[in-house]
Amino acid sequence: MAQSHESNVRNAAVMVRERLVALEKGAVKPSPATVEALLTGMDDVAAELDRLDADGMDVRAEVVRFDNLQRRLASHPKAIARAAAGLPGGLTALRAAHPPADAPWWQADIVQAARVRRTLLELAGIVAAIAAVLALIYVVITFVFPPDPRAVAVLTATNDIDARIAQEDWTGALQVAEDAYAQWPDDAELATWVGALAEKNDDAARAATAFADAQRLTQADPIRYWILRSDTFARTMDFEQAVASAQAALAIAPENPEATFAVGRTAEAIGDRDTALEYLNKTYELAVESNPQLALNARVLWGTLVQQIEMPTPTGTITP
C-alpha cells in the first residue's frame with residue numbers, strides 16, 4: 001500500500017514537470033486562445049506542488065522552476081493583459097469565471113495599468129527636469145561651443161522616439177523618425193529607425209524602402225548596418241529581428257567586438273544566458289585594448305548575468 005502511494009506521488013511529480021514545460025512554452029507569447037489555460041495551469045501546478053510537498057516528496061527543483069516562471073510572468077504583465085484583452089470582458093471576466101483568482105498572475109492587467117500610470121508620472125517629472133536643464137545647457141552651449149546640427153537632430157529625435165515607445169505610441173514614434181529623416185536623408189541611423197518603426201506600424205513597404213536606404217548609406221561598412229538594425233529592433237522590443245540582425249553582423253565578421261556584443265546583448269534580452277555570457281566575455285577580450293568603453297559595457301553586463309540565478313530560456317537559444 002505504501003509502495004502504491006509512493007508510486008502515485010512520483011507519477012504526480014513527473015506530471016508536474018511536464019506541465020511546467022508546457023507552461024514555460026505558453027508563457028513565451030500568450031494569445032487569447034491560450035491565456036486562460038496558462039492562468040488555470042499556473043493555479044493547478046501551484047496546488048499540486050503544495051500537495052506533493054505535504055506528502056513528503058522532494059520538489060525543491062520544481063518549486064525553483066515554478067518560482068522562476070512566476071517571476072517571468074510578473075516582469076511581463078503586459079503579455080498576459082494584452083492576450084486576455086482579446087477575450088470578451090478581458091481578465092475581469094476570466095477572474096470571475098475562475099474564483100478566487102487571487103494569485104499574482106491573475107492580476108496582470110491591474111499591474112500593467114499601474115505600471116503605465118507610474119511610467120507616465122515619472123516621464124512627466126523627468127521631462128520637466130530635462131527641459132529645465134536643457135534650457136540652461138542650450139544658453140551656454142549655443143554661444144560657446146555650437147553643436148553639430150546633425151548630431152543634435154538625431155539625439156533629439158531619438159529621445160522623442162524613446163519617450164513615445166515608452167507610451168506605446170508607435171504611430172507618433174514613426175512620425176518623429178520620418179520628420180527627422182526627411183531633414184537628414186543621408187543619416188543611416190534615422191533610416192533604420194524609420195524601417196523598424198514602419199514594421200511596428202505594419203507598413204512593410206515603407207520598412208523595406210527605409211532599410212534599403214540604410215543599407216545603401218552604410219555600404220562601405222556593412223557591419224554597421226546590421227548592428228544599427230539590431231540595436232533599433234531591440235529598442236522597439238522586436239527581439240526576434242534584433243537577434244537575426246546581430247547574427248548577420250557576426251556572420252560578416254566573427255571577431256568584430258561590436259558584432260559579438262550585439263549577439264551577447266540580444267541573447268541576454270531573450271533569456272539565453274549561456275550564449276550571452278559567452279559572447280559578452282568574447283567582446284571583452286576583443287575590445288579591452290581597442291575599445292575600452294565597449295569592453296567595460298560588456299564586462300558590466302557579463303558580471304550582472306553571472307550573479308543571477310539561471311532562468312529558464314523563454315524564447316529558445318541563439319546558435320550563431
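Modeller: Asp 202 is out in the open: its relative accessibility is 74%, so it counts as exposed (over 50%; buried is under 20% and partly exposed is in between, with a 1.4 Å probe and protein chains only). Bear in mind that this is a predicted model, where local features need pLDDT of at least 70 and side-chain atom pairs 80 or more, while totals for chains, interfaces and linings use all residues. Numbering runs from 1 along each chain as its sequence is written, and side-chain values use heavy atoms, with hydrogens and water left out.

Asp 202 has a positive phi of about 60° although it isn't a glycine. It sits in the loop between helix H9 (188-200) and helix H10 (204-217); helices here are DSSP runs of H or I with at least four residues, strands are E runs of at least two, and both are numbered from the N terminus. Most residues other than glycine have a negative phi, and most peptide bonds are trans.

Ala 101 is another non-glycine with a positive phi, about 50°. Is Ala 101 buried or exposed? At 6% relative accessibility it counts as buried, whereas Asp 202 is exposed. Ala 101 belongs to the loop between H5 and H6, and Pro 100 lies in that loop too. The peptide bond joining Pro 99 and Pro 100 is cis, with omega about 0°.

The whole structure has 3 aromatic pairs (Phe, Tyr or six-membered Trp rings with centres within 6.5 Å; planes under 30 degrees apart are stacked, over 60 edge-to-face, the rest tilted). Among them is Phe 66 with Trp 105, edge-to-face at 5.9 Å centre to centre and 70° between the planes. Phe 66 is buried at 5%, and Trp 105 is buried at 8%. Another pair is Tyr 225 with Trp 226: their centres are 4.9 Å apart and their planes at 70°, so this one is edge-to-face as well. Tyr 225 is buried at 3%, but Trp 226 is partly exposed at 22%.

Back to Phe 66 and Trp 105: both are among the residues that touch the most other members of the largest nonpolar core, which has 29 residues (a core is a set of buried Ala, Val, Leu, Ile, Met, Phe, Trp, Tyr and Cys joined through side-chain atoms within 4.5 Å). Helix H1 (2-26), helix H2 (35-54), H3, helix H4 (77-85) and H5 each supply at least two core residues. H2 gives the most, with 8. H2 also carries Asp 50, which is exposed at 58%.

Two rings elsewhere have a charge over them (NZ of Lys or CZ of Arg within 6 Å of the ring centre and within 35 degrees of the ring normal). Arg 229 lies over the face of Phe 211, 4.3 Å from the ring centre, and the charged end of Arg 299 sits over Tyr 284, 4.0 Å from its centre.
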